[in-house]
Amino acid sequence: GDRQLTARLPSEELGPGVWVARARILDRAGNETVTTRRGNGSAVKVRTPLKAESELRARLVGPRGGGTSLRIGYRQRARVVGRLTARGHGGLGGQALRVTELPRPGSRQQPLVHAVRTAADGRFAAGLRRGAGRRVSVEYPGTERFSRASAGPFELRVGGGITFKASPHRLRTGRRARFRGRVAAALARRPARGSLVAIQYLERRTGRWRPVLVTRTGRKGRYRAGYRFRYITGRARIKLRAVLLPAAGFPYASAASRKVTIVVRG
């Protein structure tokens with residue numbers, strides 16, 4: 001009787017064009033037949049791609065803007081937004097996408113994969129969890145009609161949390177000011193030797209921050225340091241801040257504390 005042959009064509013692995021398929025048939029007796037024709041005598045020709053080509057565009061969005069690389073503040077949240085389209089079809093609505101968050105080294109968070117579905121015009125938005133820095137990617141697995149597509153990975157950098165206090169707020173030239181504060185490390189492993197913290201002052205003439213000293217945090221992220229102000233005559237208002245310096249293996253980016261003003265009299 002009549003027999004049918006069903007085969008899968010790896011169209012996504014082939015370049016665009018017209019392809020001719022050939023069947024090689026063997027029976028148990030060892031007889032062999034090769035054909036490029038269907039049962040009706042027509043040639044087996046296939047035009048690729050069989051699926052419409054999908055395009056996935058995405059970017060990260062935070063409280064102060066967006067892009068393919070984004071920086072946000074400590075404990076702030078971000079989103080990934082974009083649109084799925086296909087050539088000749090416009091926006092693809094109702095399609096399932098996968099959003100993957102891959103934490104940076106030093107984070108205690110586990111990789112997270114969550115699902116999002118496109119709106120009628122192909123647009124989508126997904127909120128990202130709070131935490132340390134990570135890489136974010138979006139993937140569309142495709143369907144029988146549309147090819148798979150992906151976007152990313154995108155770099156999400158999160159500034160560290162750092163506090164800063166100075167005392168006393170008024171002192172004489174030659175007396176010592178004491179500095180203290182803490183570097184937060186929620187959901188992260190602290191560097192074995194602690195984090196480096198730079199104490200800086202604002203140079204009024206240039207408007208630039210200049211170094212006063214560099215110190216290091218302890219096991220719990222706390223730091224203490226002191227500095228003796230010399231050679232100041234008259235009355236000087238000095239603006240100070242603490243800056244977390246970046247470190248390998250720590251998933252938080254550099255960040256600055258709020259400013260503190262002290263008055264030094266000569």
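Which residue in β19 is the bridge partner of Tyr 201? The legends below take up this point and several others.

The structure is a predicted model, in which local features need pLDDT of at least 70 and side-chain atom pairs count only at pLDDT 80 or more, while totals for chains, interfaces and linings use all residues. Residues are numbered from 1 along each chain as its sequence is written, and side-chain values use heavy atoms, with hydrogens and water left out.

**View 1. Pairing of strand β18 with strands β19 and β21.** Strands are DSSP runs of E with at least two residues, numbered from the N terminus, and two of them pair if DSSP finds at least two bridges between them. Strand β18 (residues 196-203) is antiparallel to strand β19 (residues 208-216), with 8 bridges, and the partner of Tyr 201 in β19 is Arg 210. In this hairpin, where 4 residues lie between the strands, Gly 207 takes a positive phi near 75°. β18 also pairs in the antiparallel sense with strand β21 (residues 235-244), over 5 bridges, and here Val 197 stands opposite Leu 244.

**View 2. A positive surface patch.** The patch is formed by Arg 170, Arg 172, Arg 204, Arg 235, Arg 237, Lys 239, Lys 259 and Arg 265; patches are made of residues with over 30% relative accessible area and no salt bridge, like charges being joined within 9 Å. A salt bridge is a side-chain nitrogen of Lys or Arg within 4 Å of a carboxyl oxygen of Asp or Glu, and accessible areas come from the Shrake-Rupley method with a 1.4 Å probe. Two or more residues are given by each of β16 (170-172) and β21, and the largest share, 3 residues, comes from β21. Arg 204 is placed in the loop between β18 and β19 and counts as exposed (over 50% relative accessible area) because its value is 73%.

**View 3. Positive phi at Arg 75 and Tyr 231.** Arg 75, although not a glycine, has a positive phi of about 70°; its place is in the loop between β7 (69-72) and β8 (79-86), and at 55% relative accessible area it is exposed. Tyr 231, likewise a residue other than glycine, has phi near 65°, is found in the loop between β20 (222-228) and β21, and counts as exposed at 79% relative accessibility.

How values were computed: Patch = residues over 30% accessible without salt bridge, like charges linked within 9 Å, V, L, I, M, F, W, Y side chains within 5 Å. Lys, Arg positive; Asp, Glu negative; His and termini not counted. Charge placed at Lys NZ, Arg CZ, Asp CG, Glu CD. Buried < 20%, exposed > 50% of the residue type's maximum accessible area, 1.4 Å probe, protein only.
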